[in-house]
Amino acid sequence: MSDIPHFDGRAAFLLRTQRFMDRLTEQLDRALAARGLSITVQQAGCVQALFHAGPASLARLAAELGISHQLVSHRINGLVRLGHVETSPDPQDARKRVVSLTVSGRDQAECLQPFLDGLDAAYADLFSEIGVDLNTAVEAATQGLSTRPVLDRMSGVLAAPV
């Protein structure tokens, strides 16, 4: 264990969660590449949304994925560089861009579908092994933080600002 205060306790939960996310992201990127996909796990949500919902604005994608507009823009830019998506002016509002899959993007999306089925099974196996459905636990924790943020949960623990 660590000699650094709080690294072994709950206070380092975010650190451990980030390590888990980094490991999972790296393993999923390798798994995607092993299946012949050129997208990253970070880009897969955008590809999946466009595949099933059709062309969309960055704002709509951000809302659908529950992430920031800036993060969606970064991911879409990577997909544009790969040739998997293209953008065009929105016919209703020239200030906006509409993102759509290209032929190669559709090919990626079609290959992604069986990968996601396998990923679902892999998660079921992992969750069974550890005895915790992390999907349900993370959703519950996210909802809990929406209802009552960390700062509120720390009241009475932290000294008042000077």
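Predicted model: local features only at pLDDT ≥ 70, side-chain atom pairs only at ≥ 80, totals over all residues.
Strand 2 is joined to strand 3 (residues 97-101) by 5 bridges in the antiparallel sense. Within this pairing, Val85 has Leu101 in strand 3 as its bridge partner. The pairing of strand 1 with strand 3 is likewise antiparallel and comprises 2 bridges. Here Ala56 stands opposite Val99 in strand 3.

Strand 3 pairs with strand 2 over 5 bridges. Phe51 is placed in helix 2. With a relative accessibility of 18%, Phe51 falls under the 20% limit and therefore counts as buried. Apart from neighbours within four places in sequence, Phe51 is in contact with Leu101, Arg106, Ala109, Glu110 and Gln113. The axes of helix 2 and helix 3 come within 10 Å of each other and cross at roughly 105°. Helix 2 is therefore roughly perpendicular to helix 3. On the side of helix 2, the contact is made by Gly45, Cys46, Ala49, Leu50 and Ala53. The residues of helix 3 that they meet are Arg60, Leu61, Glu64 and Leu65. By class, the residues of this contact between helix 2 and helix 3 divide into 6 nonpolar, 1 polar and 2 charged.

Leu65 was examined individually. This residue lies in helix 3. Its relative accessibility is 28%, between the limits of 20% and 50%, so Leu65 counts as partly exposed. When residues up to four places away in sequence are not counted, Leu65 touches Gly45, Cys46 and Val72. The C-alpha atoms of Leu65 and Ala49 are separated by 8.0 Å, and the two residues are 16 residues apart along the chain.

A further helix contact involves helix 1 and helix 5. Two packed helices are described by the angle between their axes and the distance between the axes. For helix 1 (residues 13-34) and helix 5 (residues 103-130), the axes come within 12 Å and the crossing angle is roughly 140°. The two helices, helix 1 and helix 5, are therefore oblique to each other. The crossing in which helix 1 passes helix 5 is right-handed. Helix 1 contributes Leu24, Leu28, Ala31 and Leu32 to the contact. From helix 5, Leu112, Phe115, Leu119 and Tyr123 take part. The residues of this contact of helix 1 with helix 5 comprise 8 nonpolar, no polar and no charged.

Thr25 is also placed in helix 1. The relative accessible area of Thr25 is 18%, and this residue is therefore buried. With residues up to four places away in sequence left out, Thr25 touches Val41 and Gln42.

The segment before helix 1 contains His6. The relative accessibility of His6 is 60%, which is over the 50% limit, so His6 counts as exposed. Once neighbours within four places in sequence are set aside, His6 is in contact with Ala11 and Ala12.

Notes. Residues numbered from 1 in each chain as written. Heavy atoms only, no water. Axes fitted to C-alpha atoms, helices over the stretch in contact; angles between N-to-C directions. Helix = DSSP H or I, 4+ residues; strand = E, 2+ residues; numbered from the N terminus. Parallel < 35°, antiparallel > 145°, perpendicular 65-115°, else oblique. Left-handed = near helix turned anticlockwise from the far one by under 90°. Contact = heavy atoms within 4.5 Å. Nonpolar A, V, L, I, M, F, W, Y, C, P; charged D, E, K, R; others polar. Buried < 20%, exposed > 50% of the residue type's maximum accessible area, 1.4 Å probe, protein only. Pairing = 2+ DSSP bridges.
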